[in-house]
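Take a look at the chain below.

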Amino acid sequence: MGGRQAALQCSERAVHLKPDSFAFLSQQAQCLLVLNRQADSAAITDKLSGVTLDHAVQFDTLGNLYSQLNSHAKALGCFEQAVALEPANPHFHFNRALILQSMGELTEAEQAFDRVIDLEPDLAEAWLHRSRLRTQRQESNHVNELAVALGRPELSWREEMNLRYALAKEHEDLGQYDESFAELGRASRLRRGHMKHDAVADLRAIDGIIDAFGASYFSVEHIGANTRAPIFIVGLPRTGTTLVERIIGAHSEVIAAGELNNFAECLGVQLAAQKPTDRLDFIRRAAGVDHASLGEAYIESTRHLAGNSARFIDKLPLNFLYCGLIHRAMPNAKIVHLSRHPMDTCYAIYKTLFKQAYPFSYELLELGNYYLSYCKLMAHWRQMMPGAIYDVSYERLVSNPEYETRQLIQACGLEWEDRCLQFHKSSAPSMTASLAQVRKPMYTSSVGRWQQYRDGLRPLEDLFLSEGLNL
């Protein structure tokens, strides 16, 4: 936090010296975003949009700011201006394609990614995004193109990784499951081999949360912030969290604010003065935080996102780590937890290349052990605060959509609206790996998908059976 604050101060000094500088103002807006001061950043970004811009890179910079502020239509306009000024620049086409896919313009996004690849075949991330936009078909796919691209000399490991994830996805769409899993293994080993991650430390942290937020913590009365605005959707990724966000977010009284780091950021600010020595010390000190102050700081940090809506959704899956604190800091907030079959959950996570989060997801046994710790923590939260978490089964939801959706809406304290069953018609943007799926009605074809890869997933299955999981 100190480094980010220092960066903001430097940008403010630069703006003071040269108040009309696009470069300095845009840098200040970015620093404010990093500090979760979106309202202040938005004010500067809107000011920049009124300035006469001469260069494509300026429109691209402005578009990236608007994208981070969830102003996707404005971002698209900026990227289109950048493309018009420099039509041969693949990176401007790439940013335009990303915005189009988030807005659900999937056909246009695919055409835009085609253009990126034509201009810059080495921009392998474009290949992966393009493969995810639709279910590939025998008569229309990129398998041969991807194989040729993988044969190019001097591929970087990142380029190879993105191409192999894309190829794994297309093989799966075509029912070529052995080929798909083989490519997935190569891709995930590349990713895991190029990251520093202590998988054991993750498990110790979850054990530390269970110890710090045990019976003694919950036996003491904590006064939290008086708000019912947030609806937290938690769980592991790829379990239906985006689907549930779209369902609830279709309600007229609710706005989907996205995957917010705000709660963890606010907690970090609250504890900064105590200077925790390590992760476990941070967890222990978190149990003694001023709960009302934490809740109020969180609400204040999200105020610009909620607008005039009475309720908002915070869909950061890893907030499952903070369920105890969330409930004590905002006792009237709703916590919705998604669960899915253990093997389907882990396979769906394993086959996904995440931008930065979920470092435990690239090696099967590390993933399996993290899943077991997650289950242990969720069982702990249910025991410590019965009734505070509403559990949604992905399988039950997609098998009986109307009944389960009605129960979900009621659990969130909302009146029923038929539009919640028409979530796939919403034009609201989506930035997650499920962005193509949520444009469709609910389907059951992902249930039991792991069975196609049972041989490859055997180490995971054996681990879960040894721990008594019902598969």
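The paragraphs that follow go from the whole chain to its parts.

This is a predicted model: local features need pLDDT of at least 70, side-chain atom pairs count only at pLDDT 80 or more, and totals for chains, interfaces and linings use all residues. Residues are numbered from 1 along each chain as its sequence is written, and side-chain values use heavy atoms, without hydrogens and water.

The chain has 23 helices and 5 strands. Both are DSSP runs numbered from the N terminus: helices are H or I with at least four residues, strands are E with at least two. The C-alpha trace spans about 65 × 65 × 50 Å along its principal axes. A compact globule of 471 residues would have a radius of gyration near 23 Å, and the chain agrees, with 23 Å. That radius is taken over C-alpha atoms, and the globule rule is 2.2 Å times the number of residues to the power 0.38.

Now the sheet. Its 5 strands form an open sheet in the order E2-E3-E1-E4-E5, with parallel pairing. Strands pair if DSSP finds at least two bridges between them. Strand E2 (254-256) and strand E5 (389-393) are the edges, each pairing on one side only. Strand E1 (230-234) runs parallel to strand E4 (334-339), and 4 bridges join them. Here Val234 stands opposite His337 in E4.

Helices lie against this sheet. Helix H14 (241-249) lies across E1, E2, E3, E4 and E5, at about 155° to E1. Helix H20 (364-384) packs on the sheet and touches E4 and E5; its direction makes about 145° with that of E4. Contact means heavy atoms within 4.5 Å. Angles run from 0 to 180 degrees between N-to-C directions, with axes fitted to C-alpha atoms, for helices over the stretch in contact.

Which residues lie nearest the centre of the second largest pocket? They are Leu35, Asn36, Arg37, Glu300 and Ser301, among 16 lining residues. (On a 1 Å grid over the protein atoms alone, a pocket is an open set of points where a 1.4 Å probe fits, with protein on both sides within 12 Å along at least five of seven lines; lining residues have an atom within 4 Å of a point.) Helix H15 gives the most to this lining, with 5 residues.
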